Amino acid sequence: MTPKDVLKLAKESGAKMVDLKFIDLPGLWQHFSIPIYELKEETFEEGVGFDGSSIRGWQAIHMSDMLAVPDPETAFVDPFCQIPTLSLICNIVDPVTRERYTRDPRYVAQKAEAYLKSTGIADTAYFGPEMEHFIFDEVRYDYKENMSFHMIDSVEAAWNTGREEKPNLGYKARYKEGYFPVPPMDTLQDIRSEIVLTMEKVGIRVEAQHHEVATAGQGEIDMRFNTLTKMADNVLWYKYIVKNVARKHGKTATFMPKPIFADNGSGMHVHQSLWKGGVPLFAGNSYAGISDMCLYYIGGILHHAKALCALVAPTTNSYRRLVPGYEAPVNLAYSSRNRSAGVRIPMYFPDPKAKRIEVRFPDNTCNPYFAFAAMLMAGLDGIQQKIHPGVPLDKDIYELPPEELAEVPSVPSSLEEALNILEEDHEFLLRGDVFTEDVLETWLQYKRTKEVDAIRLRPHPYEFHLYYDI
């Protein structure tokens, strides 16, 4: 789509406003709007000014002026605004140098795609995340110097079988038994279908939607794979649509990895493949029908997995999900079909075009531009260095005897550990100037001060249960 096409779309849709969207460092969409008459062809070159010092992880106040330059390929009519509004995702530019802003996560993703082509290994990387989420009926939380609490609720929740609901009709999803039940136990079928239809309005092709394993409204909607930057754009649309459709129905959606104790968390299993000249490169004659290139890509992912966790599982809550011995894929091994491994090779279809890997330890709290770029860079390093991932692990990892399990490495046990490892292991991210030292240093500082230290400083409610009477 060209700028002329965008202006035509604006006219045909009766748009009165233009919403300019971009992403902050941690991974949350930001936006501001301009009247439709302010959008001209030159806007797609000149950009629109805004204050970059108010965006998390961005500019200092003495260098606050930034430009948001709309990408015409991202134009869609916003499906939620009452006033007809054209939505555009923006690239961020320095107004003085006119250079792209290195802390703009979308720029990092675009540089990763450019670096892939420069290597000659492939020309296209496809990503397909499976994004799990919860849709609750209510959430309340607070923290003060003398108190803290959180409370979530859902009409589906197993803990509500005895609640007075006038009448309580039962049909509550039992813990860890929420996978694929039909209505009335699955109360969110129509809401998820509405989400799917809304996603289609902004150009996202969906393959399936269903209830997920956990009680209390866990669901999943699977988008068809797409190229790296485009898929990261789609991830943000996905989150935006899920949250706003839920809100429309008086409900609230979250992508937290572990909002419920003692039941499954929400992950983001990321399918990945490389192509060149329209030919898939991951199909071959090695283990599970993969190529040597795919095997080395897996080797790169596993070799750098602990550092990757700081970018693909980047919150303290991520490590409530990634706990050994439970359902999360904490084991840094690879396998065909085995879902307890950190990297899986799906075996659904024999078509070489369907051959891909699935990295299972990421979650939805990641910044998708950073996460997809980082995994691509790790995989490429594996190919370039011919890093072999070792012997596949086709046994049930949770049934392994302790002496065998001790030989299987696992993900970090905390965000702090992951950040420390990233600080030591990040050279592979700097190739092609994809990530920069400044971006990584800013990420490390932000995560340590705003999240790790913030949690460390506060007493946990369960500590009163454990220690108050000592």
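This is a predicted model: local features need pLDDT of at least 70, side-chain atom pairs count only at pLDDT 80 or more; totals for chains, interfaces and linings use all residues.

**A pocket and its lining**

In the second largest pocket, strand 7 (124-136), strand 10 (206-211), strand 11 (218-223) and strand 14 (268-276) each supply at least two residues of the lining, where strands (E, at least two residues) and helices (H or I, at least four) are DSSP runs numbered from the N terminus. Residues are numbered from 1 along each chain as its sequence is written, and side-chain values use heavy atoms, with hydrogens and water left out.

Strand 7 gives the largest share of that lining, 6 residues, and of the 42 lining residues, E130, D222, H271, R344 and Y348 lie nearest the centre of the pocket. A pocket here is an open set of points on a 1 Å grid over the protein atoms alone, where a 1.4 Å probe fits, with protein on both sides within 12 Å along at least five of seven lines, and lining residues have an atom within 4 Å of a point.

Let me turn to salt bridges, each a side-chain nitrogen of Lys or Arg within 4 Å of a carboxyl oxygen of Asp or Glu. The whole structure has 26 of them, including one between the side chains of E41 and K4, at 3.3 Å from N to O. E41 lies in the loop between strand 2 (29-35) and helix 2 (43-46), and K4 in helix 1 (residues 3-13), so this pair ties together parts 37 residues apart in sequence.

Finally, helix 7 (residues 305-312) and helix 11 (residues 415-424) pack at about 115°, their axes 7 Å apart; axes are lines fitted to C-alpha atoms over the stretch in contact, and angles run from 0 to 180 degrees between N-to-C directions.
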